[in-house]
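This briefing walks through a single protein model, topic by topic, for a reader who has the coordinates open. Please keep the structure in view while going through the points.

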Amino acid sequence: MLGGMQDHHKDALIKLRVKLIEEMVLDDLMEHLVQNKVLTPSMREKVRCNQGSFQQKIALLDLLPMRGPRAFSIFCTALRDTGQEHLAEQLEEKTHKIKPEETIFPLSVEERGGRNHWRESCEMYIDDGDGLGSVSPTSVDFYLSHHKQAYKMTTRPRGVCLILSNVSFTAPELGYRHGGEVDLSVLRLLFHQLNFTVRERSNLTAQKMKDELDLFSKLPDHSQLDSCIVAILSHGVDGAVYGCDGKPVQLQDVFTKLDNAHCPQLQNKPKMFLIQACRGDEPDRGVDQRDGREQTGSPGCEQSDAGRENSRVRLPTQSDMICAYACLKGKR
């Protein structure tokens, strides 16, 4: 079961969280959740490994929002089937009081009272570390009703892919990355097959990694192509990856090099980051969008000075970006 539950269901769980922790009985409830594939057996055991029922309930409630759009309704049914109808009824009552927001993509956000309504970045887990579930193929009806809302991906090549792969390190505390060459060859083949031009560099120091990212952000090809990909394979900690000299490169610096301010030729185009590494509030004031790009309706765009002549579209500094990590935050 992939993805997360709907926002109004998440909100209902949050609003009733204290009561659920106080009154919920887990034993039979978790068996129902496993039987209906909301939890896997390994997830059930991870919940049970927490010390005491209090911590187990917290672990379950933290896990539920990541177990797919059907998890909430199955959880309510499981509560009823285990004699906890009052909790199910209160959860469903909470959802009736919360009006789910309609989201239509691409989304243009208007300026209201001078306040910036940027979308905040978020992180979603598609599993709990026990492997992916099944993915259904796209139906014809879904494609016909959504294809106009998708990013344009018609150029050949679709974009340029940069792969930075470090397997051998001079820093004694960072060991050789066995299997790193296999990851590199698989990604190279994958992106060639997806019609990307692939540039790859191996065993770079932190400074040389930054230099390569600078060169990549300045490629003139970006203005003629529809997307880009950056894949970094190395040792790392939360928020940074290591060069072969053991010095860190902050991931925020990587994202910044390709954002709307520093790489305007990629504005309103999808920018994908793949981070194969271990992972140990300043407001976004935005930048002006360049003229000439048709896809001004990408998520997060803001129209400033609406109704005036020569009005410009206002973009968040970082938008149209997705980053996939190889492991959960704080994990190796």
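**Briefing on the predicted model**

With a relative accessibility of 9%, Asp-320 counts as buried, the cut-off for that class being under 20% relative accessible area. The structure discussed here is a predicted model, and Asp-320 sits in its loop between β11 (313-315) and β12 (321-325). The protein has 332 residues, of which 40% count as buried, and its secondary structure comprises 11 helices and 12 strands. The protein exposes about 19,100 Å², with carbon and sulfur atoms supplying 50% of that area.

**Backbone features in loops**

- Asp-320, in the loop between β11 and β12, has a phi near 60°, which is a positive value in a residue other than glycine.
- Lys-37 also has a positive phi, of about 65°, although it is not a glycine, and its place is in the loop between α3 and α4.
- Which is Lys-37, buried or exposed? Lys-37 is exposed, because its relative accessible area is 64%, and the exposed class begins over 50%; Asp-320, by contrast, counts as buried at 9%.
- The peptide bond that leads from Arg-156 to Pro-157 is cis, with omega near 0°, and Pro-157 is found in the loop between α8 (140-146) and β2 (159-165).
- As background to these points, most residues other than glycine have a negative phi, and most peptide bonds are trans.

**Packing of α3 with α4**

- Helix α3 (residues 27-35) and helix α4 (residues 41-48) have axes that come within 9 Å and cross at roughly 155°.
- Angles over 145 degrees count as roughly antiparallel, and α3 and α4 are therefore roughly antiparallel to each other; their crossing is right-handed.
- On the α3 side the contact involves Asp-27, Met-30, Glu-31 and Val-34, which meet Pro-41, Arg-44, Val-47 and Arg-48 in α4.
- By class, the residues of this contact of α3 with α4 divide into four nonpolar and four charged, with no polar residue.

**Packing of α3 with α6**

- Helix α3 also packs with helix α6 (residues 71-81), at an angle of about 135° and with the two axes 9 Å apart.
- What does this angle make of the pair α3 and α6? The two helices are therefore oblique to each other, and the crossing of α3 and α6 is right-handed.
- The residues that meet are Leu-29, His-32 and Leu-33 from α3, and Ile-74, Phe-75, Ala-78, Leu-79 and Asp-81 from α6.
- Sorted by class, the contact of α3 with α6 contains six nonpolar residues, one polar and one charged.

**Packing of α4 with α5, and a residue of α5**

- The axes of α4 and α5 come within 8 Å of each other and cross at roughly 140°, which makes α4 oblique to α5.
- The contact is made by Met-43, Val-47 and Arg-48 of α4, together with Gln-56, Ala-59, Leu-60 and Leu-63 of α5, and by class these residues are five nonpolar, one polar and one charged.
- Val-47 and Arg-48 of α4, which take part in this contact with α5, are also among the α4 residues that meet α3.
- Gln-55 has its place in helix α5 (residues 52-63) and is partly exposed, with a relative accessible area of 37%.
- Although Gln-55 and Ile-21 are 34 residues apart along the chain, their C-alpha atoms are separated by 8.9 Å.

- Ser-217 is found in helix α10, which spans residues 206-217, and at 4% relative accessibility Ser-217 counts as buried.
- Leaving aside neighbours within four places in sequence, Ser-217 is in contact with His-222, Lys-257, Leu-258, Cys-263 and Gln-265.
- Lys-218 lies in the loop between α10 and β4 (227-233) and is exposed, with a relative accessible area of 58%, whereas Ser-217 counts as buried.
- Between Lys-218 and Pro-264 the C-alpha to C-alpha distance is 9.5 Å, across a separation of 46 residues in sequence.

Definitions and conventions. Residues numbered from 1 in each chain as written. Predicted model: local features only at pLDDT ≥ 70, side-chain atom pairs only at ≥ 80, totals over all residues. Heavy atoms only, no water. Axes fitted to C-alpha atoms, helices over the stretch in contact; angles between N-to-C directions. Helix = DSSP H or I, 4+ residues; strand = E, 2+ residues; numbered from the N terminus. Parallel < 35°, antiparallel > 145°, perpendicular 65-115°, else oblique. Left-handed = near helix turned anticlockwise from the far one by under 90°. Contact = heavy atoms within 4.5 Å. Nonpolar A, V, L, I, M, F, W, Y, C, P; charged D, E, K, R; others polar. Buried < 20%, exposed > 50% of the residue type's maximum accessible area, 1.4 Å probe, protein only. Areas by Shrake-Rupley, 256 points an atom, 1.4 Å probe, with all protein chains shown as cover.
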